[in-house]
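Please look over the chain shown below before reading the notes that accompany it.

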Amino acid sequence: MPLVFKQPLILILLILIPAVILWSRKHAFPGLTSSRKIISITLRCIILALLVFSLAGLSIKKSVDEISTIFAIDLSDSITSRGKEQALNFVKDALASMGKKNTAGIVVFGADALVECYPSKNPELGYISSMPKTGLTNIAGALNLGSAMLPLDSRKHLVLLSDGNESLGDTNEAIKLLKLNNIRLSVVTLPSLNKNEVIMMSLKTPSVVRVGERFYATVKVESDVETEGNLQIFQDDEPVKSMMVRIEKGINEYSCELEAKSNGFRKLKAQVEPRIDYWAENNEAHSITLVEGPPKIMVVEGADGESVNLIRALKSSSLNTTLIKPEDVPSKAASLAEYQSVVLVNVSAEQLGEEKMKAIKSYVRDTGGGLIAIAGDQSFGIGGYIGTPLDDALPVKSEIESRRHLPSVAVVLVVDKSGSMGQCHCSGDNRDTARSFEGGVSKIELAKIAAVGASKVLGKKDYFGVIAVDDRASWVVPLKKYDNKNRIPDMVGSLTASGSQVLEAGVEEAARQLKKNEAQIKHVILLTDGWTGMQGLDPIVRDMKRSGITFSAVAAGGGSSEFLKELAGVGGGRHYPMTTDWDIPKFITKETALISRSYVNQRVFYPKLVNPTQILKSIGDSGIPALKGYIATTPKGRSEITFVSDEGDPILSTWRYGLGTSVAWLSDSKNRWSSNWLSWERFDEFWSSVVRSCMPQKRSDDLIASTRQVGKDAVVSVSFKSDSAKAKSGAAITGKVARPDNSTDSIRLEETSPGKFEGRFEAAQKGTYLVTVSIKNRDGTTSNYTLGHVVSYSSEYRFREPNKALLTRLVSATGGRFLKSPDEAFAEDLPPYYSLREISNYLLLVVFLLFFFDIALRRITISKEDIKAAQAYVSSRWKALVSLPKVATSKPEKEEVISRLEEAKKRASRRWGKPGS
């Protein structure tokens with residue numbers, strides 16, 4: 001039985017034993033005999049040794065015979081139906097031959113890995129019920145999941161049933177994990193060859209052309225069958241060419257001439273429809289070409305007419321503008337990249353939505369695009385920018401961090417949580433005739449979003465609370481200051497719609513607490529759909545007004561709107577009739593901002609020039625007109641502020657964000673706040689300068705960049721056209737990629753030869769990738785070069801043969817093998833596994849007993865007389881026990897007993913008769 005120490009270095013403490021012996025002989029045990037000294041020293045050495053063994057984790061090593069096998073079955077689209085059936089039969093046969101002492105489990109995988117059957121001694125596989133995503137193959141994910149499922153105390157075996165064509169994940173890292181845990185990986189090769197397959201291999205177009213230039217699109221098609229088909233070319237989803245082609249076995253190439261008609265990134269697609277084919281998924285290919293021409297500006301206006309003056313100014317400066325609504329803003333950075341700048345004119349976060357804001361953020365940071373945000377009563381802090389991707393990209397924070405000069409505010413949001421608030425009927429005079437929006441977001445869920453948004457608008461010295469009302473009033477968010485507003489979403493998260501409605505109790509409770517509050521401004525916002533009578537609110541609101549507490553109402557139902565409008569007038573507040581679901585959080589956030597008086601500043605002031613940036617170089621700084629209002633924000637650390645208000649708040653701010661530039665103009669562009677600017681003779685020139693200041697820098701003409709797909713990765717190649725100083729000395733080149741899902745990654749570009757650089761990134765996801773290469777010049781400036789890379793379809797639909805090279809590497813790295821029969825899945829030649837049973841606790845018990853024995857040995861003295869006395873005592877007690885008298889029965893007594901028994905027998909015979917009579 002071999003012994004193992006988990007912490008063998010601790011055994012070095014055993015060198016203390018000789019020291020203990022020497023010290024004990026000289027300084028310990030006064031008065032003890034030499035024999036008792038030897039015994040005590042020996043006990044102490046044993047105790048010390050056992051303590052050291054316990055600390056070192058002394059364990060008994062025992063070999064384990066049980067075999068645990070996880071079968072990882074590839075269900076991706078590259079596996080033929082015959083291959084999937086083969087895998088299923090292999091696993092069934094292997095489970096049938098499994099020994100009783102073994103366990104087995106099953107994992108199925110494609111793009112993701114799922115558990116089909118957890119490890120057990122009696123696994124069953126009738127049919128596969130788990131459904132992974134089959135458009136990609138993530139072998140590494142399957143191996144990692146299988147490794148995690150294997151029981152610890154067993155000999156571990158993974159069986160991979162796959163064609164080895166990975167299109168996602170990193171098997172190198174998975175191999176390291178297998179080796180670390182002593183797991184053998186064996187392989188069953190599945191077929192991936194499909195007959196009669198036509199594959200669109202690529203569509204090649206130039207990376208850059210100019211408007212009006214003619215260029216060639218080259219299509220490459222691979223086939224293992226002779227057939228014919230219709231080949232079509234599309235530009236931005238519009239068909240531009242169509243032709244019938246003959247498709248031969250092998251590689252086929254076709255070319256057609258196209259014309260670049262409009263500038264920006266143009267998407268091209270080639271599609272073939274063969275008469276004979278297996279997969280339709282691999283019959284199209286995409287490319288992206290940058291068409292250079294006059295810059296294009298996207299102007300997005302939050303409401304009709306917001307951008308009329310701005311567009312007129314830009315067009316007068318020969319800038320090509322396109323006006324679109326927020327709902328039409330592209331949700332991908334690649335689609336935004338055809339514009340040099342995006343201008344948001346009084347647009348709220350709700351109008352854009354999370355995905356579009358992410359796309360704008362990536363467009364600026366990763367592709368070098370320009371962004372200008374123009375304020376108004378639906379933007380920045382009032383418009384819900386706080387904490388959004390849009391707020392990240394701008395040079396100012398929409399949340400105000402310093403409000404020392406402003407009065408403190410207390411806001412209570414009273415939320416109707418009766419049963420009707422769980423629905424979406426939002427218009428009409430009563431419940432029966434209301435127009436229904438069923439299937440949308442319920443009003444109670446929108447109220448939660450509104451509560452969180454309203455809390456973010458308030459400062460750290462302000463008070464905020466939320467009361468929920470059904471048949472009674474209860475504080476969901478107690479009225480107090482909140483330094484950490486991240487807790488509020490959890491506090492309102494439990495709100496559910498149920499019960500009846502007694503709004504008077506909620507408004508009355510809000511008023512009672514606010515009367516005791518020390519804030520200078522006190523306000524109640526009521527959110528209700530008003531499906532029951534609310535006449536009792538009128539006297540409560542009038543009393544609040546007399547106490548300096550104002551009242552506003554958000555009407556979530558048409559039937560309540562008119563009464564709430566009158567009630568808000570009585571309470572000195574505002575009334576917001578909801579027209580769409582998402583108006584609820586927008587109205588409540590806006591109302592909170594207006595009450596706090598921190599965001600909207602309406603007064604006449606002259607902007608003060610603090611930094612004559614590039615924007616003003618062309619127009620000078622004289623004669624700057626007055627403004628009548630602005631939205632307050634907080635400047636970010638690296639931003640450049642050109643104008644500030646009379647209170648020092650930023651009015652015009654700029655900064656570099658990633659590869660791009662963004663600008664914030666905190667007043668508006670219409671006659672509400674900027675009426676004096678509209679008549680300014682340099683209004684057009686000013687806005688032209690602002691927009692041009694954030695356009696991407698000119699592309700480097702000395703650079704050639706391209707991408708190509710290699711397996712699951714895209715390879716970026718960069719080189720210089722001429723033998724320039726950059727190429728000779730080596731340039732500082734970095735890269736970024738914006739993915740189809742708006743996530744981003746950095747690309748490491750390494751110099752492979754003088755003036756030539758190369759890097760790669762994973763490109764398994766279908767869609768358009770924007771790659772931006774940045775070159776840091778000697779003068780400190782940076783040049784950007786953006787190009788597109790398109791993945792037309794998953795590489796699953798390109799594989800024709802099993803990847804034997806990868807499968808062989810997996811097998812050889814872990815000591816596995818290619819399995820030929822199912823019973824080999826539980827072969828006895830797996831690497832040995834030993835379980836360790838730690839005995840430290842038992843050692844400590846022995847130490848405890850020996851410790852007390854040592855104490856007794858040293859403290860208790862037994863003399864010869866004590867021994868003799870003990871012997872005498874034991875002897876005397878034994879003799880007394882032996883000499884005790886025996887209890888005996890005399891002969892007469894025996895005879896008397898027998899006589900009585902015989903007499904009883906005779907009486908019984910006379911009474912019952914003789915036996916048998």
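This is a predicted model: local features need pLDDT of at least 70, side-chain atom pairs count only at pLDDT 80 or more; totals for chains, interfaces and linings use all residues.

Residues are numbered from 1 along each chain as its sequence is written, and side-chain values use heavy atoms, with hydrogens and water left out. The protein chain has 24 helices and 42 strands, where helices (H or I, at least four residues) and strands (E, at least two) are DSSP runs numbered from the N terminus.

**Whole chain**

- Of the 917 residues in the protein chain, 52% are buried; buried means under 20% relative accessible area, exposed means over 50%, and partly exposed lies in between, with a 1.4 Å probe and protein chains only.

**Helix H3**

- Helix H3 covers residues 81-96, and its 16 residues reach 23 Å from the first C-alpha to the last, close to the 22 Å expected at 1.5 Å a residue (the expected span being 1.5 Å times one less than the number of residues).
- The buried residues of H3 are Gly83, Ala87, Leu88, Phe90, Val91, Ala94 and Leu95.
- Seen down the axis of H3, these buried residues fall within an arc of 160 degrees, so they line one face of the helix; the arc is taken from the directions between the helix axis and the C-beta atoms.
- That buried set packs against strands S3 (67-74), S4 (103-109), S6 (155-162) and S7 (184-189), whereas Ser81, Arg82, Glu85 and Ala96 are exposed on the other side of H3.

**Helix pairs**

- Helix H13 (residues 503-516) packs with helix H14 (residues 537-546) at an angle of about 15 degrees, their axes 10 Å apart; axes are lines fitted to C-alpha atoms, for helices over the stretch in contact, and angles run from 0 to 180 degrees between N-to-C directions.
- This angle makes H13 roughly parallel to H14, a description used for angles under 35 degrees, with over 145 roughly antiparallel, 65 to 115 roughly perpendicular and the rest oblique.
- The contact is made by Leu503, Glu504, Val507, Glu508, Ala511 and Lys515 of H13 together with Leu537, Ile540, Asp543 and Met544 of H14.
- The axes of helix H5 (residues 171-180) and helix H21 (residues 804-814) come within 10 Å and cross at roughly 20 degrees, and the two helices are therefore roughly parallel to each other.
- In this second pair, Thr171, Asn172, Ile175, Leu178 and Lys179 of H5 meet Leu806, Arg809, Leu810, Ala813 and Thr814 of H21.

**Buried loop residues**

- Ser348 sits in the loop between strand S18 (341-345) and helix H8 (349-352), and it is buried, with a relative accessible area of 0%.
- Not counting residues up to four places away in sequence, Ser348 touches Gln378, Gly383 and Tyr385; its C-alpha is separated by 6.5 Å from that of Gly384, 36 residues apart along the chain.
- Asn282, in the loop between strand S14 (264-274) and strand S15 (284-292), counts as buried at 0% relative accessibility.
- Leaving aside neighbours within four places in sequence, Asn282 is in contact with Glu197, Val198, Ile199, Met200, Asp277, Tyr793 and Tyr797.

**Positive phi in a loop**

- Asp236, in the loop between strand S11 (227-235) and strand S12 (238-247), has a positive phi of about 50 degrees although it is not a glycine, and counts as partly exposed at 30% relative accessibility.
- Asp237 lies in the loop between S11 and S12; it has a positive phi of about 70 degrees without being a glycine, and counts as exposed at 63% relative accessibility.

Technical notes: Contact means heavy atoms within 4.5 Å.
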